[in-house]
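Please open the model in a viewer and keep the selection panel at hand. The stops below state what to select and what is to be found there.

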Amino acid sequence: MNLHQRTSARRRGPLSPECEKPLHPNSAGNDLESSLLQIFTDHHRTSLRLREITEKAKKEAVRVADLLVDEVNGGVQESFVNEKRIEMEIRGLAASIVRFMKQSDQWLTATHSINTAIKEIGDFENWMKTMEYDCKSITTAIHNIHKE
């Protein structure tokens, strides 16, 4: 049994009776067998090399995918943190707006009271002028009546 038959026998199991026959001593048969054996070993080496390249490519793809996921997750996590910070700012600003609205309402009420007081002072001043004029008119009339 030659090397090719032994290699084939390991892969396929026990040899068939045809494979156990001795080879003819002609050189063309040996050349064919050695060529086929060479093709087989080349194919086997190429398959192993391709398998190694494929495994390396898979590992590299997994590594790149992990890096991409980490990068995307980092961006998502940063966006989430920024979103929470913005939400807190919004709540703080909303509370400030409510506080400023109350303060503005208080100032509006105070200015309205001041305006009312100023109007009343203006009205009182006008009433005083009217009273003064009336008093002068009455005094002049009494003075004229007394002279006569």
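A residue is termed buried under 20% relative accessible area, exposed over 50%, and partly exposed in between (1.4 Å probe, protein chains only). The model is a predicted one, in which local features need pLDDT of at least 70 and side-chain atom pairs count only at pLDDT 80 or more, while totals for chains, interfaces and linings use all residues. Residues are numbered from 1 along each chain as its sequence is written, and side-chain values use heavy atoms, with hydrogens and water left out.

**Whole chain**

Of the 148 residues in the chain, 6% are buried. Now display the surface: the accessible area is about 13300 Å², with 63% belonging to carbon and sulfur atoms. Such areas come from the Shrake-Rupley method with a 1.4 Å probe, and for residues only the protein chains shown count as cover.

**Salt bridges in helix H2**

Next, select helix H2, residues 27–147. How many salt bridges does a search of the whole structure find? The search returns six, each requiring a side-chain nitrogen of Lys or Arg within 4 Å of a carboxyl oxygen of Asp or Glu.

Why are Glu-60 and Arg-63 separated by about one helical turn? They are three residues apart in helix H2, so about one turn lies between them. Glu-60, at 37% relative accessibility, counts as partly exposed, as does Arg-63 at 42%.

Lys-84 has a relative accessible area of 37% and is partly exposed; Glu-87 is partly exposed at 25% relative accessibility.

**A charge over a ring**

Select Arg-99 and Phe-100. Arg-99 lies over the face of Phe-100, at 5.4 Å from the ring centre. The criterion is NZ of Lys or CZ of Arg within 6 Å of the ring centre and within 35 degrees of the ring normal.

**A nonpolar patch**

Finally, select Phe-124, Trp-127, Met-128 and Met-131, a nonpolar surface patch with about 420 Å² of accessible area together. Patches are made of residues with over 30% relative accessible area and no salt bridge; like charges are joined within 9 Å, nonpolar side chains (Val, Leu, Ile, Met, Phe, Trp, Tyr) within 5 Å. Met-131 lies in helix H2 and, at 33% relative accessibility, counts as partly exposed.

Terms used: Helices (H or I, at least four residues) and strands (E, at least two) are DSSP runs, numbered from the N terminus.
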